Amino acid sequence: MVPSEDAAPQLDVDQILADPGVRIVVCCGAGGVGKTTTAAALALRAAEHHGRRTVVLTIDPARRLAQSLGLTELDNTPRQVKGIDVEGSGGELHAMMLDMKRTFDDVVLQHTDPAKAAEIFANPFYQAMSSTFAGTQEYMAMEKLGQLHARGEWDLIVVDTPPSRSALDFLDAPARLSRFLDGRMLRLLLAPARSGGRSMFSLVTASFGMFSKVVQKVLGAQLLTDLSGFVAALDSMFGGFRQRAEQTYRILQARETAFLLVATPEPDAVREAAYFAGRLREEQMPLAGLVLNRVHRPAVPELDAEQSRVAAERLTELGGHEATADVLRAHAALARQAVREQQVAARFTDAFPAVPAVSVTAQPADVHDVDGLRTIGAAISRP
(Lines give C-alpha, C1' and ligand atoms only; values in the text may rest on other atoms or scores of the structure.)
Protein backbone atom coordinates (compact mmCIF):
# COMPACT_ATOMS: atom_id res chain seq x y z
CA MET A 1 0.00 0.00 0.00
CA VAL A 2 1.34 3.44 -0.94
CA PRO A 3 1.66 5.84 2.00
CA SER A 4 -0.38 9.00 1.59
CA GLU A 5 1.23 12.45 1.44
CA ASP A 6 -1.65 13.60 3.63
CA ALA A 7 -0.74 11.25 6.48
CA ALA A 8 1.02 14.10 8.29
CA PRO A 9 -0.85 17.19 9.54
CA GLN A 10 -0.94 20.00 6.99
CA LEU A 11 1.68 22.71 7.57
CA ASP A 12 0.19 26.22 7.53
CA VAL A 13 3.17 28.38 6.58
CA ASP A 14 1.12 31.58 6.32
CA GLN A 15 0.07 31.20 9.93
CA ILE A 16 3.74 31.09 10.96
CA LEU A 17 4.73 34.07 8.81
CA ALA A 18 1.81 36.19 10.00
CA ASP A 19 2.24 35.43 13.70
CA PRO A 20 3.81 38.50 15.40
CA GLY A 21 5.05 36.17 18.14
CA VAL A 22 7.33 34.39 15.65
CA ARG A 23 10.44 36.49 15.13
CA ILE A 24 12.87 33.89 13.74
CA VAL A 25 12.38 31.20 11.09
CA VAL A 26 15.33 28.83 10.60
CA CYS A 27 15.38 26.79 7.37
CA CYS A 28 17.62 23.74 7.60
CA GLY A 29 18.26 20.56 5.63
CA ALA A 30 20.69 18.74 3.37
CA GLY A 31 22.49 20.45 0.51
CA GLY A 32 20.73 20.83 -2.82
CA VAL A 33 17.14 20.60 -1.53
CA GLY A 34 16.12 24.20 -2.28
CA LYS A 35 16.77 25.58 1.18
CA THR A 36 18.10 28.95 0.03
CA THR A 37 15.19 29.42 -2.38
CA THR A 38 12.70 28.41 0.31
CA ALA A 39 14.16 30.89 2.80
CA ALA A 40 14.05 33.74 0.27
CA ALA A 41 10.50 32.84 -0.81
CA LEU A 42 9.28 32.80 2.80
CA ALA A 43 10.95 36.14 3.57
CA LEU A 44 9.43 37.71 0.44
CA ARG A 45 5.97 36.39 1.30
CA ALA A 46 6.22 37.65 4.88
CA ALA A 47 6.99 41.15 3.58
CA GLU A 48 4.48 41.26 0.71
CA HIS A 49 1.51 39.39 2.18
CA HIS A 50 1.85 39.91 5.91
CA GLY A 51 3.38 43.37 6.12
CA ARG A 52 6.37 42.31 8.15
CA ARG A 53 9.75 44.03 8.11
CA THR A 54 11.84 41.01 7.23
CA VAL A 55 15.53 40.22 6.82
CA VAL A 56 16.82 36.98 5.28
CA LEU A 57 20.30 35.83 6.35
CA THR A 58 22.04 33.24 4.21
CA ILE A 59 24.99 31.30 5.63
CA ASP A 60 25.35 29.22 2.48
CA PRO A 61 27.90 30.96 0.20
CA ALA A 62 25.70 30.33 -2.87
CA ARG A 63 24.97 33.47 -4.91
CA ARG A 64 21.48 32.37 -5.93
CA LEU A 65 19.79 34.40 -3.21
CA ALA A 66 21.23 37.70 -4.41
CA GLN A 67 20.41 36.89 -8.03
CA SER A 68 16.82 35.88 -7.31
CA LEU A 69 16.23 39.08 -5.32
CA GLY A 70 17.64 41.27 -8.06
CA LEU A 71 20.71 42.31 -6.07
CA THR A 72 24.18 42.45 -7.58
CA GLU A 73 25.72 41.10 -4.38
CA LEU A 74 25.11 40.31 -0.75
CA ASP A 75 27.48 41.02 2.11
CA ASN A 76 27.56 41.24 5.89
CA THR A 77 25.24 44.26 6.00
CA PRO A 78 21.47 43.94 5.37
CA ARG A 79 20.50 45.46 2.02
CA GLN A 80 16.92 46.45 1.26
CA VAL A 81 15.33 44.68 -1.69
CA LYS A 82 13.62 47.16 -3.99
CA GLY A 83 10.85 46.54 -6.49
CA ILE A 84 8.75 44.16 -4.40
CA ASP A 85 4.99 44.57 -3.93
CA VAL A 86 4.57 45.96 -0.40
CA GLU A 87 2.39 48.98 -1.16
CA GLY A 88 -0.66 47.40 0.43
CA SER A 89 1.06 45.55 3.25
CA GLY A 90 3.66 48.09 4.37
CA GLY A 91 6.30 45.38 4.77
CA GLU A 92 9.99 45.52 3.88
CA LEU A 93 12.51 42.94 2.77
CA HIS A 94 16.23 43.06 3.52
CA ALA A 95 18.85 40.45 2.63
CA MET A 96 22.41 39.68 3.69
CA MET A 97 25.05 36.94 3.50
CA LEU A 98 27.25 36.03 6.45
CA ASP A 99 30.88 37.08 6.18
CA MET A 100 32.36 35.11 9.06
CA LYS A 101 35.71 36.94 9.17
CA ARG A 102 34.12 40.37 9.14
CA THR A 103 31.66 39.28 11.83
CA PHE A 104 34.55 38.00 13.97
CA ASP A 105 36.44 41.27 13.37
CA ASP A 106 33.38 43.30 14.38
CA VAL A 107 33.05 41.32 17.61
CA VAL A 108 36.71 41.96 18.45
CA LEU A 109 36.37 45.69 17.71
CA GLN A 110 33.23 45.90 19.80
CA HIS A 111 34.73 44.30 22.90
CA THR A 112 38.36 45.48 22.94
CA ASP A 113 40.25 48.76 22.63
CA PRO A 114 41.86 49.62 19.25
CA ALA A 115 45.39 48.65 20.36
CA LYS A 116 44.28 45.22 21.57
CA ALA A 117 42.18 44.70 18.44
CA ALA A 118 45.20 45.48 16.24
CA GLU A 119 47.25 42.94 18.19
CA ILE A 120 44.56 40.29 17.69
CA PHE A 121 44.15 41.02 13.98
CA ALA A 122 47.91 40.69 13.43
CA ASN A 123 48.10 37.30 15.13
CA PRO A 124 48.56 34.50 12.54
CA PHE A 125 46.43 32.10 14.55
CA TYR A 126 43.54 34.58 14.59
CA GLN A 127 43.89 35.15 10.85
CA ALA A 128 43.58 31.42 10.23
CA MET A 129 40.81 30.84 12.75
CA SER A 130 38.65 33.74 11.57
CA SER A 131 38.81 32.62 7.95
CA THR A 132 39.11 28.86 7.66
CA PHE A 133 38.84 26.95 10.94
CA ALA A 134 36.01 24.42 11.15
CA GLY A 135 33.18 25.65 13.33
CA THR A 136 34.03 29.35 13.06
CA GLN A 137 31.34 29.92 10.43
CA GLU A 138 28.66 28.32 12.57
CA TYR A 139 29.68 30.20 15.69
CA MET A 140 29.75 33.51 13.80
CA ALA A 141 26.31 32.68 12.40
CA MET A 142 25.11 32.48 16.00
CA GLU A 143 26.80 35.83 16.66
CA LYS A 144 25.16 37.46 13.65
CA LEU A 145 21.73 36.04 14.46
CA GLY A 146 22.10 37.31 18.02
CA GLN A 147 23.11 40.77 16.74
CA LEU A 148 20.14 40.99 14.36
CA HIS A 149 17.75 39.88 17.08
CA ALA A 150 19.16 42.32 19.64
CA ARG A 151 18.87 45.29 17.27
CA GLY A 152 15.10 44.83 17.15
CA GLU A 153 14.83 46.41 13.69
CA TRP A 154 13.01 43.51 12.04
CA ASP A 155 9.71 41.80 12.72
CA LEU A 156 11.05 38.56 11.27
CA ILE A 157 14.51 37.07 10.67
CA VAL A 158 14.68 34.18 8.20
CA VAL A 159 17.90 32.14 8.44
CA ASP A 160 19.15 29.93 5.60
CA THR A 161 21.62 27.50 7.16
CA PRO A 162 24.38 25.38 5.60
CA PRO A 163 23.68 21.70 4.80
CA SER A 164 22.24 19.95 7.83
CA ARG A 165 25.37 18.49 9.40
CA SER A 166 26.82 22.01 9.39
CA ALA A 167 23.49 23.28 10.66
CA LEU A 168 23.87 20.87 13.56
CA ASP A 169 27.21 22.58 14.16
CA PHE A 170 25.18 25.80 14.17
CA LEU A 171 23.23 24.39 17.12
CA ASP A 172 26.31 22.91 18.79
CA ALA A 173 28.48 26.05 18.58
CA PRO A 174 27.79 27.34 22.13
CA ALA A 175 28.48 23.98 23.80
CA ARG A 176 31.59 23.42 21.69
CA LEU A 177 32.86 26.89 22.57
CA SER A 178 32.29 26.23 26.27
CA ARG A 179 34.24 22.98 26.03
CA PHE A 180 37.07 24.83 24.29
CA LEU A 181 37.16 27.57 26.91
CA ASP A 182 37.11 25.07 29.77
CA GLY A 183 39.69 22.72 28.24
CA ARG A 184 42.85 21.83 30.13
CA MET A 185 45.20 22.87 27.33
CA LEU A 186 43.54 26.26 27.04
CA ARG A 187 43.84 26.86 30.79
CA LEU A 188 47.56 26.04 30.55
CA LEU A 189 47.97 28.44 27.64
CA LEU A 190 46.15 31.15 29.57
CA ALA A 191 48.23 30.63 32.71
CA PRO A 192 51.12 32.96 31.64
CA ALA A 193 48.76 35.82 30.76
CA ARG A 194 46.96 35.47 34.06
CA SER A 195 50.20 35.38 36.03
CA GLY A 196 51.69 38.64 34.85
CA GLY A 197 52.26 38.08 31.15
CA ARG A 198 55.41 35.97 31.37
CA SER A 199 56.27 33.83 28.40
CA MET A 200 54.76 30.36 28.63
CA PHE A 201 58.28 28.94 28.23
CA SER A 202 59.54 30.80 31.32
CA LEU A 203 57.21 29.12 33.78
CA VAL A 204 59.29 27.29 36.33
CA THR A 205 57.05 24.35 37.16
CA ALA A 206 58.54 21.13 35.90
CA SER A 207 55.17 19.72 34.92
CA PHE A 208 54.33 22.64 32.63
CA GLY A 209 57.86 22.70 31.26
CA MET A 210 57.47 19.08 30.24
CA PHE A 211 54.04 19.81 28.77
CA SER A 212 55.34 22.72 26.71
CA LYS A 213 58.21 20.66 25.30
CA VAL A 214 55.80 17.93 24.21
CA VAL A 215 53.42 20.43 22.60
CA GLN A 216 56.33 22.21 20.91
CA LYS A 217 57.41 18.94 19.39
CA VAL A 218 53.89 18.21 18.10
CA LEU A 219 52.82 21.68 16.98
CA GLY A 220 56.07 23.56 16.55
CA ALA A 221 57.31 26.46 18.66
CA GLN A 222 56.05 29.23 16.37
CA LEU A 223 52.51 27.88 16.12
CA LEU A 224 52.41 27.38 19.88
CA THR A 225 53.64 30.94 20.42
CA ASP A 226 50.99 32.28 18.01
CA LEU A 227 48.30 30.25 19.76
CA SER A 228 49.42 31.40 23.19
CA GLY A 229 49.42 35.03 22.07
CA PHE A 230 46.00 34.65 20.49
CA VAL A 231 44.50 33.09 23.61
CA ALA A 232 46.05 35.70 25.88
CA ALA A 233 44.79 38.56 23.69
CA LEU A 234 41.26 37.17 23.64
CA ASP A 235 41.20 36.19 27.32
CA SER A 236 39.11 39.18 28.34
CA MET A 237 36.56 38.44 25.61
CA PHE A 238 35.92 34.77 26.28
CA GLY A 239 33.22 35.34 28.86
CA GLY A 240 31.32 37.55 26.44
CA PHE A 241 31.66 35.02 23.63
CA ARG A 242 30.15 32.28 25.75
CA GLN A 243 27.43 34.45 27.23
CA ARG A 244 26.22 35.70 23.85
CA ALA A 245 26.31 32.24 22.29
CA GLU A 246 24.31 30.75 25.13
CA GLN A 247 21.83 33.61 24.97
CA THR A 248 21.27 33.00 21.24
CA TYR A 249 20.88 29.30 21.95
CA ARG A 250 18.09 30.09 24.41
CA ILE A 251 16.43 32.28 21.78
CA LEU A 252 16.46 29.30 19.39
CA GLN A 253 14.66 27.26 22.05
CA ALA A 254 12.03 29.94 22.63
CA ARG A 255 8.52 30.11 21.19
CA GLU A 256 9.53 33.09 19.03
CA THR A 257 11.59 30.72 16.84
CA ALA A 258 10.23 28.26 14.26
CA PHE A 259 12.46 25.63 12.64
CA LEU A 260 11.42 24.46 9.17
CA LEU A 261 13.07 21.34 7.77
CA VAL A 262 13.53 21.44 4.00
CA ALA A 263 13.98 18.19 2.05
CA THR A 264 13.32 16.55 -1.27
CA PRO A 265 11.73 13.09 -1.59
CA GLU A 266 15.15 11.44 -1.88
CA PRO A 267 16.49 8.93 0.68
CA ASP A 268 19.56 10.95 1.74
CA ALA A 269 17.65 14.22 2.11
CA VAL A 270 14.83 12.62 4.11
CA ARG A 271 17.35 10.79 6.29
CA GLU A 272 19.10 14.09 7.06
CA ALA A 273 15.76 15.74 7.85
CA ALA A 274 14.84 12.92 10.22
CA TYR A 275 18.22 13.13 11.92
CA PHE A 276 17.83 16.86 12.38
CA ALA A 277 14.25 16.47 13.66
CA GLY A 278 15.51 14.07 16.29
CA ARG A 279 18.16 16.53 17.41
CA LEU A 280 15.68 19.39 17.60
CA ARG A 281 13.42 17.24 19.76
CA GLU A 282 16.32 16.36 22.05
CA GLU A 283 17.32 20.02 22.36
CA GLN A 284 13.69 21.07 22.97
CA MET A 285 13.73 23.41 20.00
CA PRO A 286 10.48 24.35 18.23
CA LEU A 287 10.13 22.31 15.03
CA ALA A 288 7.30 23.91 13.05
CA GLY A 289 7.20 21.50 10.13
CA LEU A 290 8.64 19.90 7.00
CA VAL A 291 8.72 21.48 3.53
CA LEU A 292 9.06 18.71 0.96
CA ASN A 293 10.33 20.26 -2.27
CA ARG A 294 10.31 19.00 -5.88
CA VAL A 295 7.49 16.52 -5.48
CA HIS A 296 6.20 14.97 -8.70
CA ARG A 297 2.47 14.50 -9.26
CA PRO A 298 0.87 12.90 -12.32
CA ALA A 299 -1.62 15.08 -14.19
CA VAL A 300 -4.15 12.21 -14.07
CA PRO A 301 -3.58 10.57 -10.67
CA GLU A 302 -6.45 8.10 -11.08
CA LEU A 303 -4.58 6.46 -13.98
CA ASP A 304 -1.84 4.39 -12.37
CA ALA A 305 1.47 3.24 -13.85
CA GLU A 306 0.35 -0.31 -14.68
CA GLN A 307 -2.80 0.84 -16.46
CA SER A 308 -0.75 3.31 -18.49
CA ARG A 309 1.82 0.67 -19.43
CA VAL A 310 -0.82 -1.84 -20.55
CA ALA A 311 -2.65 0.81 -22.58
CA ALA A 312 0.59 1.93 -24.27
CA GLU A 313 1.46 -1.65 -25.23
CA ARG A 314 -2.03 -2.22 -26.63
CA LEU A 315 -1.85 0.94 -28.75
CA THR A 316 1.58 -0.08 -30.05
CA GLU A 317 0.18 -3.45 -31.09
CA LEU A 318 -2.69 -1.78 -32.92
CA GLY A 319 -0.32 0.65 -34.64
CA GLY A 320 -0.87 4.21 -35.72
CA HIS A 321 -1.04 5.62 -32.17
CA GLU A 322 2.63 6.06 -31.29
CA ALA A 323 2.27 9.63 -29.99
CA THR A 324 -0.48 8.59 -27.58
CA ALA A 325 1.50 5.50 -26.55
CA ASP A 326 4.55 7.69 -25.80
CA VAL A 327 2.42 9.97 -23.62
CA LEU A 328 1.11 6.96 -21.70
CA ARG A 329 4.63 5.62 -21.19
CA ALA A 330 5.76 9.02 -19.87
CA HIS A 331 2.76 9.08 -17.57
CA ALA A 332 3.60 5.58 -16.33
CA ALA A 333 7.17 6.65 -15.51
CA LEU A 334 5.92 9.74 -13.67
CA ALA A 335 3.35 7.70 -11.74
CA ARG A 336 6.05 5.23 -10.64
CA GLN A 337 8.27 8.12 -9.55
CA ALA A 338 5.39 9.63 -7.54
CA VAL A 339 4.86 6.33 -5.74
CA ARG A 340 8.58 6.05 -4.92
CA GLU A 341 8.60 9.61 -3.59
CA GLN A 342 5.58 8.93 -1.38
CA GLN A 343 7.29 5.88 0.04
CA VAL A 344 10.48 7.83 0.76
CA ALA A 345 8.56 10.72 2.36
CA ALA A 346 6.72 8.23 4.57
CA ARG A 347 10.01 7.37 6.26
CA PHE A 348 9.89 10.82 7.84
CA THR A 349 6.14 11.11 8.44
CA ASP A 350 6.01 7.64 10.00
CA ALA A 351 8.87 8.52 12.36
CA PHE A 352 7.47 11.97 13.21
CA PRO A 353 3.69 11.70 12.69
CA ALA A 354 2.94 14.87 14.68
CA VAL A 355 5.20 17.13 12.56
CA PRO A 356 3.13 19.13 10.03
CA ALA A 357 4.26 18.84 6.42
CA VAL A 358 3.64 20.48 3.08
CA SER A 359 4.61 19.24 -0.39
CA VAL A 360 5.75 21.61 -3.14
CA THR A 361 5.33 20.42 -6.72
CA ALA A 362 8.51 20.34 -8.82
CA GLN A 363 8.86 23.50 -10.90
CA PRO A 364 9.58 23.39 -14.64
CA ALA A 365 12.60 25.70 -14.30
CA ASP A 366 15.03 26.98 -11.69
CA VAL A 367 14.03 30.04 -9.69
CA HIS A 368 16.08 33.06 -10.71
CA ASP A 369 13.92 36.12 -9.98
CA VAL A 370 11.33 37.62 -7.63
CA ASP A 371 8.39 36.25 -9.64
CA GLY A 372 9.82 32.75 -9.24
CA LEU A 373 10.15 33.29 -5.49
CA ARG A 374 6.51 34.41 -5.36
CA THR A 375 5.50 31.21 -7.11
CA ILE A 376 7.42 29.10 -4.59
CA GLY A 377 5.99 31.07 -1.68
CA ALA A 378 2.47 30.54 -2.95
CA ALA A 379 3.12 26.83 -3.49
CA ILE A 380 4.40 26.40 0.07
CA SER A 381 1.50 28.36 1.53
CA ARG A 382 -1.32 27.00 -0.65
CA PRO A 383 -0.35 23.43 -1.63
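Predicted model: local features only at pLDDT ≥ 70, side-chain atom pairs only at ≥ 80, totals over all residues.

The axes of helix 4 and helix 5 come within 8 Å and cross at roughly 150 degrees. Angles over 145 degrees count as roughly antiparallel, and helix 4 and helix 5 are therefore roughly antiparallel to each other. Their crossing is right-handed. Next, display the side chains at this contact: helix 4 contributes D105, V108 and L109, while helix 5 contributes A117, I120 and F121. By class, five of these residues are nonpolar, none is polar and one is charged.

Now select helix 2 (residues 35–50) together with helix 16 (residues 370–381); their axes lie 8 Å apart and the packing angle is about 85 degrees. Helix 2 and helix 16 are therefore roughly perpendicular to each other. On the helix 2 side, show T37, T38, A40, A41, L42, L44, R45 and E48; they meet V370, L373, R374, I376, G377, A378, I380 and S381 of helix 16. The contact of helix 2 with helix 16 comprises nine nonpolar, four polar and three charged residues.

For the last stop, centre the view on T349, a residue of helix 15 (residues 322–351). Is T349 buried or exposed? T349 counts as buried, because its relative accessibility is 13%, and the cut-off for buried is under 20%. A polar atom of the T349 side chain lies 3.4 Å from the backbone oxygen of A346.

How values were computed:
Residues numbered from 1 in each chain as written. Heavy atoms only, no water. Helix = DSSP H or I, 4+ residues; strand = E, 2+ residues; numbered from the N terminus. Buried < 20%, exposed > 50% of the residue type's maximum accessible area, 1.4 Å probe, protein only. Polar contact = N/O pair within 3.5 Å; in protein donor to acceptor, adjacent residues only side chain to side chain. Axes fitted to C-alpha atoms, helices over the stretch in contact; angles between N-to-C directions. Parallel < 35°, antiparallel > 145°, perpendicular 65-115°, else oblique. Left-handed = near helix turned anticlockwise from the far one by under 90°. Contact = heavy atoms within 4.5 Å. Nonpolar A, V, L, I, M, F, W, Y, C, P; charged D, E, K, R; others polar.
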